[in-house]
Amino acid sequence: MPHELKVGVIGAGRLGNIHSRVYTEIPHIKLVGVCDTLPEKAKTAAQNYHTQAFTDYRNLLPLVDAVTIATPTNTHFEIAKTVLLANKHVLIEKPITDNLRQAKILIKLAHKKKIILQVGHVERFNAAFIAAQKIVTSPRFIECHRLSPFPNRSLDIGVVFDLMIHDLDILLGLIHSRVKHIDAVGVSVLTPFEDIANVRLHFQNGCIANLTASRISEEPLRKIRIFLKDTYISLDYQSQEAFCYKKEKTAILKTPLPIEKEEPIKKEIESFILCVRNNRKPVVSGLEAYQALKLATKIRDIIWKKRFL
């Protein structure tokens, strides 16, 4: 029987509460505490998940083996750095940080300390993506749509870092080729940052990807279509459904891909725990997160350069 792993959650917002709840559902895991700088939020979360409340995450660290960081992006670096220096494993919500220099420091520190650093690019654990990934080879064109109503959270970053980065991570995991050209446009509507963005990526191997992200849409939408030679695959992340459309002579045959629907964030956390217990490289380590952030940074800079021309 595995030993009890002691964990904590830093941040008691929407995602922090999900992480707290999932930890309480996994055998041989003890949720030692929940931390938030707002005492009432910390207290409420602690009551909901039958654990201790903290307002300073540094007081939580001596009591745990690992933590989730689910705080605003601009706080990720200082918190994660402190956690790693304390020799605690960390699952940090995406994006890893809001700039590449800080991300690189965290990656080097985790490597030096031999500590697990996993980043919450949760779509890697979506059953629809996992099913499609098994049959995707040499994609020629990929189209991504990720739309959501205004979140009233993650308002320290734009939609490229907030939503589009999920699809950028997926693309880099599927295409395995360098980006040679980027066309990007974006508009700010409700925040000082871009709230809508459209990007076309040209890869060196000839693949083209078109991505649209919005956080001011009426209805949520998270879909991707992957076009291969004579086949295309349609994924709906939200419903966890995937279909394969294959050309057969003059007809197109539609076939559902077999999927066992599961909660992606629970699969992500279970994977993190396995990595901690067995010293395995995470599915999305700091390096993969860095690559997604690097591409997102280029896109954001192109968008903002156009705005101020």
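Helices here are DSSP runs of H or I with at least four residues, strands are runs of E with at least two, and both are numbered from the N terminus. This is a predicted model, where local features need pLDDT of at least 70, side-chain atom pairs count only at pLDDT 80 or more, and totals for chains, interfaces and linings use all residues. Residues are numbered from 1 along each chain as its sequence is written, and side-chain values use heavy atoms, with hydrogens and water left out.

I start with the backbone. His-50 sits in the loop between helix H2 (39–48) and strand E3 (52–54). Its phi is near 55°, a positive value in a residue other than glycine. Gln-240, not a glycine either, has a positive phi of about 55°, and lies in the loop between strand E12 (231–236) and strand E13 (241–248).

Are these two buried or exposed? Buried means under 20% relative accessible area, exposed over 50%, and partly exposed in between, with a 1.4 Å probe and protein chains only. His-50 is exposed because its relative accessible area is 74%. Gln-240 is buried because its value is 11%.

Another loop, between strand E5 (89–93) and H5, holds Pro-95. A cis peptide bond joins Lys-94 to Pro-95, with omega about -15°.

Last, Leu-253, in strand E14 (residues 251–256). At 44% relative accessibility, Leu-253 counts as partly exposed. Apart from neighbours within four places in sequence, Leu-253 is in contact (heavy atoms within 4.5 Å) with Cys-244, Tyr-245, Lys-246 and Glu-248. Its C-alpha atom is 9.5 Å from that of Thr-231, a residue 22 residues away along the chain.
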